[in-house]
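Please examine the model shown below.

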Amino acid sequence: MAMATGGGLLTAGALATVVVVGASVASSEPADPWADLGLRQTAAAAPQTGQDCAAVMFGEVRQVAADRACRSITRTLLVVSDGKGTSAAVAVSWVEFGQRRDAREFRRVEDVHGTGDITPLPGATAGVRDVAFSALHYTSALNASTVIVAEAEPLEGAPGDDLLREITGVAVLLDRPTG
């Protein structure tokens, strides 16, 4: 069987080859999102989800979440390590709004250093010491009407600022945990 494509023919065999090649490319992606950074996740707090977003925020960020009718927030704390003595704590939050414009406004305020923040989970929830997050190693992302916020700080060793920022860049791409 052949299909007409513009001015030529594409055979079913050629189409099958394209599909198979495409499938193998997708499966070559690393299963571990941290692998490209030379890291692996070594611990994670059980995700905490709630509908009172403002209760776990402070500053102007808290007010925007309340004014813009934040629907839910999920927070977790991850630990990533290179296995050679360097590790970092990563606070990740998914903040969901009813409308994308509300999420954009929340993100606009959250992205300004000094306007408040989301309170991270205590270190004990991930089996590590408490961490003071400075917001210096920070990334946010917008996915439909959800804002994803990630912050990272060193736990052990001396991960550089660039690595800590790269860690947050990966963290905002993670799927929102359930549970």
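Of the 179 residues in this protein, 40% count as buried. The model is a predicted one, with a mean pLDDT of 87, and 83% of the residues reach 70 or more. Where pLDDT is low, the predicted coordinates should not be read in detail.

The secondary structure comprises four helices and ten strands. Read along the sequence, these elements follow the pattern β-β-α-β-β-β-α-β-β-α-β-β-β-α.

Thr-49 belongs to strand β4, which covers residues 48-50. Ile-73 is 24 residues away from Thr-49 along the chain, yet the C-alpha atoms of the two are separated by 5.5 Å. Leaving aside residues up to four places away in sequence, Thr-49 touches Ile-73 and Thr-74. With Thr-74 there is a polar contact between the two side chains, at 2.8 Å.

Strand β6 spans residues 70-81, and Ser-81 is placed in this strand. Is Ser-81 buried or exposed? Its relative accessible area is 14%, below the 20% limit, and therefore Ser-81 counts as buried. A polar atom of the Ser-81 side chain lies 2.9 Å from the backbone nitrogen of Gly-83. Beyond residues up to four places away in sequence, Ser-81 touches Gly-38, Leu-39, Arg-40, Thr-42, Thr-86 and Ser-87.

Rolling a probe the size of a water molecule over the atoms shows where empty space is left. The structure holds one cavity of 30 Å³ or more, and the largest cavity contains about 30 Å³ of space. Its lining consists of Leu-39, Val-80, Thr-86, Ser-87, Ala-88, Pro-159, Leu-163 and Ile-167. Strand β7 (87-97) and helix α4 (161-171) each supply at least two residues of that lining. By class, the lining of the largest cavity divides into six nonpolar residues, two polar and no charged.

The largest pocket has a volume of about 180 Å³. It is lined by 14 residues, of which His-113, Gly-114, Gly-116, Asp-117 and Ala-135 are the closest to its centre. Five nonpolar, five polar and four charged residues make up the lining of the largest pocket.

Which phi value does Ala-69 have? Phi of Ala-69 is near 55 degrees, a positive value in a residue other than glycine. Ala-69 sits in the loop that joins α2 (59-67) to β6 (70-81). Ala-144 likewise has a positive phi, of about 60 degrees, although it is not a glycine. The loop between β9 (138-143) and β10 (146-156) is where Ala-144 is found. With a relative accessible area of 45%, which falls between the 20% and 50% limits, Ala-144 is classed as partly exposed.

How values were computed: Residues are numbered from 1 along each chain as its sequence is written. This is a predicted model: local features need pLDDT of at least 70, side-chain atom pairs count only at pLDDT 80 or more; totals for chains, interfaces and linings use all residues. Side-chain values use heavy atoms; hydrogens and water are left out. On a 1 Å grid over the protein atoms alone, a cavity is a set of points where a 1.4 Å probe fits but cannot get out, and a pocket is an open set with protein on both sides within 12 Å along at least five of seven lines; lining residues have an atom within 4 Å of a point. Grid points are joined across faces, edges and corners, and a volume is the space filled by probe spheres set on the points. Ala, Val, Leu, Ile, Met, Phe, Trp, Tyr, Cys and Pro count as nonpolar, Asp, Glu, Lys and Arg as charged, and the others, Gly among them, as polar. pLDDT is the predictor's confidence in each residue, from 0 to 100. Contact means heavy atoms within 4.5 Å. A polar contact is a pair of N or O atoms within 3.5 Å; within protein, one must be able to donate a hydrogen and the other to accept it, and residues adjacent in sequence count only if both atoms are side-chain atoms. Buried means under 20% relative accessible area, exposed over 50%, partly exposed in between (1.4 Å probe, protein chains only).
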